[in-house]
Amino acid sequence: MTNNNQKIHSYIGLAMRAGKVVSGDDTTLKELKKGRVNLIIVAEDASDNTKKLFKDKSAYRKVDQILFSTKVELGLSIGKSPRAVIGIKDKNLSQKILELM
């Protein structure tokens with residue numbers, strides 16, 4: 001894992017502790033539709049359907065979306081079981097993560 005990847009995982013963990021993370025397909029999609037998510041992170045090993053769904057939905061709502069890490073690592077960074085999709089609700093943390101990409 002590169003240094004930037006570690007920093008991104010740290011920011012995701014920080015967002016989680018601040019209560020600014022939604023995770024899992026359904027919850028993230030619901031929050032995205034309500035306009036509460038500033039960044040969508042999809043695991044690189046997520047299914048093609050999941051990748052396409054969130055690419056389309058986030059593009060339609062003009063929300064940044066990145067492919068990053070694995071489901072297991074995303075889950076670990078928020079202290080949960082493996083997650084294919086995470087939504088970051090905090091604008092500043094979203095910006096920091098995008099800068100590190």
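Helices here are DSSP runs of H or I covering at least four residues, and strands are runs of E covering at least two, with both kinds numbered from the N terminus. Helix H4, for instance, spans residues 71–77, and Leu76 is found in that helix. With those names in hand, let us walk through this structure, which is a predicted model.

Four strands make it up, and reading across gives the order S1-S4-S2-S3. The sheet is open, and its pairing is mixed. Strand S1 (21–23) and strand S3 (64–67) each have a single partner strand, so they stand at the edges and one side of each is left without a neighbour in the sheet. From one strand to the next, the twist averages 20°.

Now look inside the sheet, at strand S2 (residues 39–42) and strand S4 (residues 85–88). These two run antiparallel and are joined by 4 bridges.

Two packed helices are described by the angle between their axes and the distance between the axes. Helix H1 (residues 3–17) and H5 have axes that come within 9 Å and cross at roughly 170°. Angles over 145 degrees count as roughly antiparallel, so H1 is roughly antiparallel to H5. On the H1 side, the contact is made by Asn4, Lys7, Ile8, Tyr11, Ile12, Leu14 and Ala15, and on the H5 side by Leu93, Lys96, Ile97 and Leu100. Sorted by class, the residues of this contact are 8 nonpolar, 1 polar and 2 charged.

The side chain of Thr50 makes a polar contact of 2.8 Å with the side chain of Ser47. Further along the chain, Thr50 touches Asp25 and Val85.

Next comes Arg83, in the loop between H4 and S4. Is Arg83 buried or exposed? With a relative accessible area of 18%, it is buried, because that value is under 20%. Arg83 touches residues that include Ser23, Gly24, Ala43, Lys71 and Leu74. Its side chain makes polar contacts with the side chain of Ser23 (2.9 Å) and with that of Ser81 (2.8 Å). Arg83 and Asp25 are 58 residues apart along the chain, and their C-alpha atoms are separated by 8.4 Å.

Finally, return to Leu76 in helix H4. Its relative accessible area is 63%, and because exposed means over 50%, Leu76 is exposed. Leu76 and His9 are 67 residues apart in sequence and 8.8 Å apart in space, C-alpha to C-alpha.

Key:
Residues are numbered from 1 along each chain as its sequence is written. This is a predicted model: local features need pLDDT of at least 70, side-chain atom pairs count only at pLDDT 80 or more; totals for chains, interfaces and linings use all residues. Side-chain values use heavy atoms; hydrogens and water are left out. Two strands pair if DSSP finds at least two bridges between them. Axes are lines fitted to C-alpha atoms, for helices over the stretch in contact, and angles run from 0 to 180 degrees between N-to-C directions. Buried means under 20% relative accessible area, exposed over 50%, partly exposed in between (1.4 Å probe, protein chains only). A polar contact is a pair of N or O atoms within 3.5 Å; within protein, one must be able to donate a hydrogen and the other to accept it, and residues adjacent in sequence count only if both atoms are side-chain atoms. Contact means heavy atoms within 4.5 Å. Angles under 35 degrees count as roughly parallel, over 145 as roughly antiparallel, 65 to 115 as roughly perpendicular and the rest as oblique. Ala, Val, Leu, Ile, Met, Phe, Trp, Tyr, Cys and Pro count as nonpolar, Asp, Glu, Lys and Arg as charged, and the others, Gly among them, as polar. Lists of a residue's contacts leave out its neighbours within four places in sequence.
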